[in-house]
Amino acid sequence: QVQLVESGGGLVQAGGSLRLSCTASGRTISSYAMGWFRQAPGKEREFVSAISRSTITTYYADYADSVKGRFTISRDNAKNALYLQMNSLKFEDTAVYYCAADRSGYSGSVSGAYDYWGQGTQVTVSS
């Protein structure tokens, strides 16, 4: 079992930045692909970003078009953690952000393929 805990959310003005963290326990996540998803009030959960497992030679990452160029996903194996640097935040980025772990491979934006989920952290962007 992998337990995931997100942190770093909060209230920020439009144009500002936040860095979300996802700390894992129970197992090392270096062999898991990881992802960030978000859910705004009244909306479906949507893909934000994903990164491949650390045990392959070449990293790769994907981003939703809505965050491309503004958000950066990264991971720190030594800390067993995942991060999401969010810059140039917009009002429409307001949501609860979730990290997720995928043990079977790289599932990218397919939320149903992820095996473990955190409880989420609220990000609110004021306009």
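Leaving aside residues up to four places away in sequence, Phe 71 touches Arg 38, Val 48, Tyr 63, Leu 84, Gln 85, Met 86, Asn 87, Leu 89, Asp 93 and Tyr 97. Please keep in mind that this is a predicted model. Phe 71 sits in strand β7. Is Phe 71 buried or exposed? Its relative accessible area is 3%, under the 20% cut-off, so Phe 71 counts as buried. For a sense of distance, take Gln 122, which is 51 residues away from Phe 71 along the chain: the two C-alpha atoms are separated by 16 Å.

Nonpolar side chains in soluble globular proteins tend to be buried together. Here the largest nonpolar core has 34 residues, and the members touching the most other members are Leu 4, Trp 36, Leu 84, Met 86 and Tyr 97. Which elements give two or more residues to this core? They are β3, β4 (33–39), β5 (46–51), β7, β8 (81–86), β9 (95–102) and β11 (121–126). The largest share comes from β9, with five residues.

Now let's look at how some of those strands are arranged. As a reminder, strands of a sheet pair through backbone hydrogen bonds, either parallel or antiparallel. In our model, there is an open sheet of four strands in the order β1-β3-β8-β7, and the pairing is antiparallel. At the edges are β1 (3–7) and β7 (71–76), each of which pairs on one side only. On average, neighbouring strands of this sheet are turned by 15 degrees against each other, ignoring direction. Glu 6 stands opposite Cys 22 in β3.

Two loop residues are worth a click as well. In the loop between β7 and β8 you'll find Asn 80. Asn 80 has a positive phi of about 55 degrees, although it is not a glycine. With a relative accessible area of 14%, Asn 80 is buried. The other residue is Ser 88, in the loop between β8 and β9. Ser 88 is also not a glycine, and its phi is positive, near 50 degrees. How accessible is Ser 88? Its relative accessibility is 40%, so Ser 88 counts as partly exposed.

Let me finish by zooming out to the whole chain. How many helices and strands does the protein chain have? There are zero helices and 11 strands. The radius of gyration is 14 Å, close to the 14 Å that the globule rule gives for 127 residues, so the chain is as compact as a globular protein of that length. Along the principal axes, the C-alpha atoms fill a box of roughly 40 × 25 × 25 Å. Of the 127 residues, 46% count as buried. Among contacts with a separation of 6 or more, 58% are between residues 24 or more positions apart. Finally, the chain exposes about 6300 Å², and carbon and sulfur atoms supply 47% of that area.

Key. Residues numbered from 1 in each chain as written. Predicted model: local features only at pLDDT ≥ 70, side-chain atom pairs only at ≥ 80, totals over all residues. Heavy atoms only, no water. Pairing = 2+ DSSP bridges. Axes fitted to C-alpha atoms, helices over the stretch in contact; angles between N-to-C directions. Rg over C-alpha atoms; globule rule 2.2 N^0.38 Å. Buried < 20%, exposed > 50% of the residue type's maximum accessible area, 1.4 Å probe, protein only. Contact = heavy atoms within 4.5 Å. Areas by Shrake-Rupley, 256 points an atom, 1.4 Å probe, with all protein chains shown as cover. Core = buried A, V, L, I, M, F, W, Y, C linked by side-chain atoms within 4.5 Å.
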